[in-house]
Amino acid sequence: MPRRPGGTYSAASMADIAFLLLIFFLVATTMDVDSGLSRKLPPMPPPDSQENQNEIKERNIFVVLINSGDQLMVEGLPMNIHKLRGEAKEFLANPSNKGNLPEKTLKDIPYFGQIAVTKGIISLQNDRGTSYGMYIKVQNELAAAVNELRNELSQQKFGKKFDDLNKEQADAVSDIFPQIISEAEPKNIGGNR
Amino acid sequence: MSKFKRKIKVGSQEISTASLPDIVFMLLFFFMVTTVMRETTIKVVQKMPGATEVKKLEKKSLVSYIYIGKPRQSFQAIYGTEPRIQLNDAFAKVDDIRNYIISEREKVDENERPFLTTSLKVDENTKMGIIVDIKQELRKASALKINYSTRKVTAIE
């Protein structure tokens with residue numbers, strides 16, 4: 001074989017080789033960020049404690065039931081999933097202080113001073129046969145209701161979205177609209193799974 | 001006009017491509033370093049439900065994953081088609097979760113333990129029964145911070 005003059009190899013194909021490798025890594029890279037709905041589970045009650053839940057008035061609870069056929073019942077009436085967000089918002093905000101919607105207590109909150117805070121609690125119950133997809137949809141709608149209320153309040157008070165508020169402001173807003181979803185111990189509503 | 005003429009004279013020389021490999025190598029190293037190869041092979045079918053109100057999970061080192069779903073086609077002969085739990089690389093039972101959480105907890109620094117999150121990666125066709133059991137088990141292990149893994153969508157159907 002004839003030797004190349006000077007004994008050097010051309011480096012022109014180096015770029016091509018590097019490109020090939022580059023493309024391989026580009027394709028193999030998965031930049032999936034994990035995202036989802038964050039929740040906090042209630043701690044297990046101590047085994048020797050009696051059930052001493054203080055009675056909560058009926059008007060302060062927003063009962064959401066999902067049966068094994070993925071049907072929704074809200075406050076005793078069947079409901080479409082698309083209406084849930086609006087209903088939950090009305091329940092939590094209670095803008096016209098209706099008698100059948102939750103009571104409010106006056107609380108001292110930084111930035112806002114004395115403000116009426118709702119006593120409402122959302123109670124979510126599902127069946128063992130409920131599908132996970134439906135459960136997430138309901139959780140999502142309820143979270144959306146709270147997020148919308150928070151956004152409206154921060155828009156009105158600070159002229160910013162809730163996500164753009166600083167820590168203290170965000171804490172104040174979340175004190176007014178806390179994300180309370182209480183999940184009862186599972187029951188077997190609606191028969192077999 | 002004279003300006004343009006001068007430019008053309010200079011441009012008659014070719015641009016050297018000698019530095020091209022260097023540039024490409026730089027990009028290559030960037031991607032090689034940032035690429036995270038998945039360390040667990042997922043053995044269950046995973047189609048996440050969609051949600052609009054998602055938040056990003058921060059600090060991946062503080063997240064432990066529980067996969068739930070139907071076993072993949074190749075595992076169905078052994079494990080059936082009912083939804084199963086997968087921890088790390090193996091199928092597991094509900095009772096194994098507590099030990100799994102304890103071992104995950106041992107892996108991290110003591111002052112970071114309160115921030116440990118359990119991410120539930122559940123197929124959307126799973127029934128809630130198994131998830132209710134898992135949630136009870138997590139409460140017993142006092143791993144209270146959980147995250148339901150979802151896709152981000154603009155509107156739910």
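Q: Which residue of E7(B) does Lys40(A) stand opposite?
A: In this predicted model, Lys40(A) stands opposite Lys145(B).

Q: What makes E1(A) and E7(B) a strand pair?
A: A pair needs at least two bridges. E1(A) and E7(B), residues 145–149 of chain B, have five bridges. They therefore count as paired, and the sense is antiparallel.

Q: How many residues does each chain give to the contact between chains A and B?
A: Chain A gives 40 residues and chain B gives 44. On the side of chain A, H1 (12–28), E1 (35–40) and H3 each give two or more residues. H3(A) gives the most, with 10 residues. That side divides into 21 nonpolar, 12 polar and seven charged residues.

Q: In which hand does H2(A) pass H3(A), left or right?
A: The crossing is right-handed.

Q: How do you know which residues of H2(A) meet H3(A)?
A: Contact requires C-beta atoms within 7 Å. Among the residues of H2(A) that meet H3(A) are Ile81(A), Leu84(A), Arg85(A) and Leu92(A). Their partners in H3(A) include Val138(A), Glu141(A), Leu142(A) and Leu149(A). The residues of this contact divide into 11 nonpolar, no polar and five charged.

Note on methods:
Residues numbered from 1 in each chain as written. Chains lettered and ligands numbered in written order. Predicted model: local features only at pLDDT ≥ 70, side-chain atom pairs only at ≥ 80, totals over all residues. Left-handed = near helix turned anticlockwise from the far one by under 90°. Helix = DSSP H or I, 4+ residues; strand = E, 2+ residues; numbered from the N terminus. Contact = placed C-beta atoms within 7 Å. Nonpolar A, V, L, I, M, F, W, Y, C, P; charged D, E, K, R; others polar.
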